[in-house]
Amino acid sequence: MAKYLVFSDSHGKHERMLEIIARQKDSIAGLFFLGDMESGEDRLRASIQGPTYIVRGNCDWSSQAPAFQVVKLHGHSVAMTHGHRQHVNSGVDMLKYWALEQGADIVLYGHTHVPFLEQSSALTVLNPGSISRPRQSGFIPTYAVIEFDEGGEVRISLCEVS
């Protein structure tokens with residue numbers, strides 16, 4: 001089982017994220033960050049042993065991270081984007097089309113600060129929400145966990161931070 005943490009939209013407030021990583025450090029294979037970190041990319045990379053995949057968000061003006069990435073992991077193709085270029089505030093249809101153009105079967109995005117998970121046979125769409133500035137009902141900070149098992153199955157959990 002390979003476990004990856006998924007975060008987005010910390011906007012310079014990384015304390016919760018770093019605490020979560022520290023608590024789960026020994027079980028993490030890698031980490032995805034989906035933009036609007038605003039600072040601290042090196043600190044985030046240093047916080048885990050495995051790979052850290054980061055994309056630039058619309059508030060990451062000085063970031064050298066790419067606008068999107070497609071990563072091959074455990075028999076899956078994972079497309080990452082912040083989502084503002086795919087107009088996710090208006091829904092996920094454009095994002096889905098973009099992901100399928102990339103050859104992805106999993107697409108990760110942020111930008112809305114609202115957690116979202118939709119799974120179908122063709123595509124899994126995941127937004128972990130915001131770890132520091134949530135916008136959904138209840139305004140609870142969230143992140144996600146993706147687990148890949150040896151048989152290629154994927155399990156995704158949306159997690160609330162109390």
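Apart from neighbours within four places in sequence, Thr-124 is in contact (heavy atoms within 4.5 Å) with Asp-105, Ile-106, Val-107, Leu-117, Glu-118, Gln-119 and Ile-156. Thr-124 lies in strand S8, residues 124-127; strands (E, at least two residues) and helices (H or I, at least four) are DSSP runs numbered from the N terminus. With a relative accessibility of 10%, Thr-124 counts as buried, the term for under 20% relative accessible area, with exposed for over 50% and partly exposed in between (1.4 Å probe, protein chains only).

The structure is a predicted model, in which local features need pLDDT of at least 70 and side-chain atom pairs count only at pLDDT 80 or more, while totals for chains, interfaces and linings use all residues. Residues are numbered from 1 along each chain as its sequence is written, and side-chain values use heavy atoms, with hydrogens and water left out.

Met-37 is placed in the loop between strand S2 (30-33) and helix H2 (41-46). Its relative accessibility is 1%, so Met-37 is classed as buried. Beyond four places in sequence, the contacts of Met-37 are Ser-10, His-11, Gly-12, His-14, Leu-44, Ile-54 and Asp-60. For Ser-10, the C-alpha to C-alpha distance to Met-37 is 5.2 Å, at a separation of 27 residues in sequence.

Lys-13 occupies the loop between strand S1 (2-7) and helix H1 (15-24). Lys-13 has a relative accessible area of 45% and is therefore partly exposed.
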